Amino acid sequence: MSGSFRKIPIEVAPAKPASEQEVVSLYAAQKKIYPRSVHGRFNNWRIVFVVLTQLVFLGLPWLRWDGRQAVNFDLVERKFYLFGLIIWPQDFIYLAALLIISAFGLFLWTTIAGRLWCGYSCPQTVYTEIMLWIEQWTEGSHSQRSKLDKQGWSVRKLRIKLIKHSLMLTFSLLTGFTLVGYFTPIHDLLAALPRFDYGPWELFWIFFYAACTYLLAGVMREQVCQYMCPYARFQSVMFDADTLVISYDAARGEPRGARKKGSNPQEQGLGSCINCNICVQVCPAGIDIRNGLQHECIGCAACIDACDEVMDKMAYPRGLIRYTTESALEGLYPDSAILSRLWRPRVVLYALLLLVATSAAGISFALRKPFKVDVIRDRASLVQETGDGRLENSYMLNIINTTSQDQVFSVSVSGLPEIAISTPQRLSIKSADSKSMGVRVVVDPQYADRGSHPILFRVQSLGNPALVVEEKSSFIGE
């Protein structure tokens, strides 16, 4: 191929000195948020849930049941006490079932109503709300808190900060003390407080949980929801156009603009939004809901309360910011039809999975044995001959009384003709206790030839004959 190419000059900009080069950070600098206090129906519900969750968490360890702590997770003895229920290590399959049920329940609720869990009941949200109450009580309103942080250090500022952080640390230590009280009887913890006579693990977990409460809820706050919580990242997978979320009605609110109270926005070519930015000021995550749904939004509805209050003052209808769905916001159906869209395929699927998991766990738990029996045959001496010519096998029976009452048990055996326990015994076991008992089983040689023969141990409560457990084993003949 013949021809020639024309050279095109290319100008290359000279490299800037290192001192003039722009550095792009991968992380946004943290800007402290000073949420403005808000009043309204949704704020009242948040207060109710904060109080209820803390009453449950802080109050449960102090309840008594049959002379012991009602809720106690005794890791040393490997027993979990839940009022009249006793959970043993063999029952930990129910813990897995509980986790599965909780996961399906969260998926179902998120598909229906978004992040209501985050906005009202999540421990991070609840503790952050309590820390904000402490901050507002000690430092004042959002503008006063902002001004205080911008001021130079003084005796007044130091005093206010010391009071605030002392209260936050006190509350944090209370949460750590309560957490450990679920594993070590809380009355024992309280009795040891004057002497500070705690074990190393108790001290570690009290201070570790207190530090987490203080740092995550008192210092980091919205940073936890934005960067650390995985739920904020994968929640959108469970959302669809019919999920109930907090939304700004742009069709009604735009264009924004200030106006006099009582004026007609349509005559001025404006929407209902007066661009007061109060919805941003009250947001604990510092986002602007008018920019659309964002993963930082925890669904607390503080912006709804704030906007409704402004709409009331302007004599406009409420609902510029409200709980609604994407489809309703686009006008595909009215807000009154949101409930009719509840039973859609995704919701039905999650509901069925939740129902199956709950039913299976409930039925299995209801049919679980009232006490547990383990039979271990003595393999050191498989078979022996007694003085009267009968064959004998030795076994070790371990009986666990999982009920909340003391029990007396009788042991019998069946499976071969004339099989019996050489020295019948009764075994008394206290509530939530276990005992082992050696048992010798004898049978006539004519009914037990060489090989293994299936037999059945029957353990029965004498106080309640309906409580019976049968355990399979084998008898070795010769």
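This is a predicted model: local features need pLDDT of at least 70, side-chain atom pairs count only at pLDDT 80 or more; totals for chains, interfaces and linings use all residues.
Biologist: Let's start with the open sheet. In what order do its three strands come?

Modeller: The order is β3-β4-β5, and the pairing is antiparallel.

Biologist: Which strands stand at the edges?

Modeller: Those are β3 (71-74) and β5 (85-87). Each has a single partner strand, so one side of each is left without a neighbour in the sheet. On average, neighbouring strands here are turned by 15 degrees against each other, ignoring direction.

Biologist: How many bridges join β3 to β4?

Modeller: Four, with β4 covering residues 79-82. As one example to look up, N72 has Y81 in β4 as its bridge partner.

Biologist: Switching topic: what is the volume of the largest pocket?

Modeller: About 420 Å³. Its lining has 26 residues, and P35, R46, E129, L132 and P284 lie nearest the centre.

Biologist: Which elements give two or more residues to that lining?

Modeller: They are α1 (41-59), α4 (123-139) and α9 (222-228). The largest share is from α4, with seven residues.

Biologist: And how does the lining divide into nonpolar, polar and charged?

Modeller: There are 13 nonpolar residues, eight polar and five charged.

Biologist: Now β11. Which residues are on its covered face, and which on the uncovered one?

Modeller: In β11 (residues 407-414), Q407, F409, V411 and V413 make up the covered face. The uncovered face has V408, S410, S412 and S414. In a regular strand, side chains alternate between the two faces of the sheet.

Biologist: Which strands is β11 joined to?

Modeller: Four bridges join β11 to β13 (residues 426-429), running antiparallel. Six bridges join β11 to β15 (residues 451-461), again antiparallel.

Biologist: What about the peptide bond from E254 to P255, cis or trans?

Modeller: That bond is cis, with omega near -10 degrees. P255 sits in the loop between α11 (250-253) and α12 (278-281). Most peptide bonds are trans, and most residues other than glycine have a negative phi.

Biologist: Where is R221, and what is its phi?

Modeller: R221 lies in the loop between α8 (200-220) and α9, and its phi is positive, near 50 degrees.

Biologist: Is R221 buried or exposed, and why?

Modeller: R221 counts as buried because its relative accessibility is 7%, and the cut-off for buried is under 20%.

Biologist: What about A301?

Modeller: A301 has a positive phi of about 70 degrees, although it is not a glycine. A301 lies in the loop between α12 and α13 (302-313), and at 0% relative accessibility A301 counts as buried.

Definitions and conventions
Residues are numbered from 1 along each chain as its sequence is written. Side-chain values use heavy atoms; hydrogens and water are left out. Two strands pair if DSSP finds at least two bridges between them. Axes are lines fitted to C-alpha atoms, for helices over the stretch in contact, and angles run from 0 to 180 degrees between N-to-C directions. On a 1 Å grid over the protein atoms alone, a cavity is a set of points where a 1.4 Å probe fits but cannot get out, and a pocket is an open set with protein on both sides within 12 Å along at least five of seven lines; lining residues have an atom within 4 Å of a point. Grid points are joined across faces, edges and corners, and a volume is the space filled by probe spheres set on the points. Ala, Val, Leu, Ile, Met, Phe, Trp, Tyr, Cys and Pro count as nonpolar, Asp, Glu, Lys and Arg as charged, and the others, Gly among them, as polar. Buried means under 20% relative accessible area, exposed over 50%, partly exposed in between (1.4 Å probe, protein chains only).
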